[in-house]
Amino acid sequence: MNKTDNILDDLSKLLQQKKFSGLKQKIISQYNSLINSDELNYIINTMIARGYADNVVSIIAELLEDHKEFNLFMLLGKAESICNNYEDALLNYQKAYRMNNNSIEAVFNLGVTSQLSGNTEEAIMYFNKTLELKKDLPEALYNLGNIYRKGSNFEKAQMYYEQCLRYSPGNADCVYNLGVVLDKQYKYAEAQEKYAQAIAINPELIEAHWNNAIILLRMGDYKNGWSEYEWRLRKNEHKRNNLPFKYWNGENLNNKKLLLYDEQGFGDTIQFCRFAKMLGEKYSVDISIECKAKIFPLFVNALFFLQST
């Protein structure tokens with residue numbers, strides 16, 4: 001094992017033990033021996049990935065006092081961005097870009113960080129510069145699609161999503177978002193096709209199932225639409241992990257208790273609560289209704305919904 005290997009082995013141990021003070025001192029004192037080491041980049045990127053970006057900022061900032069290098073500015077920009085310090089991240093990426101204006105990574109990261117900071121005009125500029133350097137970079141095309149989708153320019157978003165998929169056809173998120181912008185343009189059949197395609201690529205893509213359900217119901221395909229609608233229960237806003245009993249799946253309810261709770265808006269609650277009456281007529285079941293406080297007076301006499309005409 002040579003000197004560099006010994007240093008890297010020590011750094012790995014210090015990282016594993018989370019001894020960041022010693023790790024910082026070791027990197028700074030031995031940097032000249034590690035300057036061309038891919039392993040050093042690996043250690044720094046591992047620290048960022050494990051949630052120690054603030055420690056990386058401290059280490060790289062001190063290294064930059066004596067070493068004004070492209071790679072260090074890039075690493076510092078990445079760490080600052082992870083820490084949500086977008087202004088500082090942009091400054092460091094810009095320094096790296098000035099040192100190498102043919103760096104696809106530098107100009108692309110400027111676009112990403114501008115996008116995260118909310119400066120969409122600069123983000124568009126940097127992503128277009130990225131495409132000048134590499135016209136078939138799907139990540140740049142996808143991000144441009146996202147910017148135009150969020151800005152409600154659905155036709156332009158569609159154009160960029162379609163271009164992205166030429167180079168990255170297996171990108172489920174891109175296929176899904178293409179479905180979204182087609183949906184926004186009232187191209188329902190095309191949108192539904194893209195939602196189904198996104199699900200085929202990634203069966204666990206919750207939002208694709210959710211949007212697929214909505215569009216199937218809109219198109220009158222109630223059997224498949226309601227089946228897909230069950231995916232809403234995986235969305236964070238609809239999860240009810242605190243319930244101490246199981247969901248009803250259509251089994252016999254005679255001599256049992258059933259809780260109906262609202263998930264969405266007032267209109268949905270009022271619209272569907274009327275079906276409690278049908279359950280009361282079909283089964284000998286004790287039904288309770290949970291609703292939001294603002295419409296509680298309307299539901300205070302829940303037996304109203306169970307009365308036969």
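Q: Why does the span of helix H11 (residues 154-167) agree with its 14 residues?
A: At 1.5 Å a residue, those 14 residues should span 20 Å, and the end C-alpha atoms of H11 are 20 Å apart, so the two agree. The expected span is 1.5 Å times one less than the number of residues, and a helix here is a DSSP run of H or I with at least four residues (a strand is a run of E with at least two), numbered from the N terminus. Bear in mind that this is a predicted model, where local features need pLDDT of at least 70, side-chain atom pairs count only at pLDDT 80 or more, and totals for chains, interfaces and linings use all residues. Residues are numbered from 1 along each chain as its sequence is written, and side-chain values use heavy atoms, leaving out hydrogens and water.

Q: Which residues of H11 are called buried?
A: Phe154, Ala157, Gln158, Tyr160, Tyr161, Cys164 and Leu165 are, because buried means under 20% relative accessible area (1.4 Å probe, protein chains only).

Q: What do the buried residues of H11 pack against?
A: Helix H9 (120-133), helix H10 (138-150) and helix H12 (172-184), with contact meaning heavy atoms within 4.5 Å.

Q: Which element gives the largest share of the lining of the largest pocket?
A: That's S1, with six residues.

Q: What makes up the lining of the largest pocket by class?
A: It divides into 22 nonpolar, four polar and 10 charged residues. Ala, Val, Leu, Ile, Met, Phe, Trp, Tyr, Cys and Pro count as nonpolar, Asp, Glu, Lys and Arg as charged, and the others, Gly among them, as polar.

Conventions. Buried means under 20% relative accessible area, exposed over 50%, partly exposed in between (1.4 Å probe, protein chains only).
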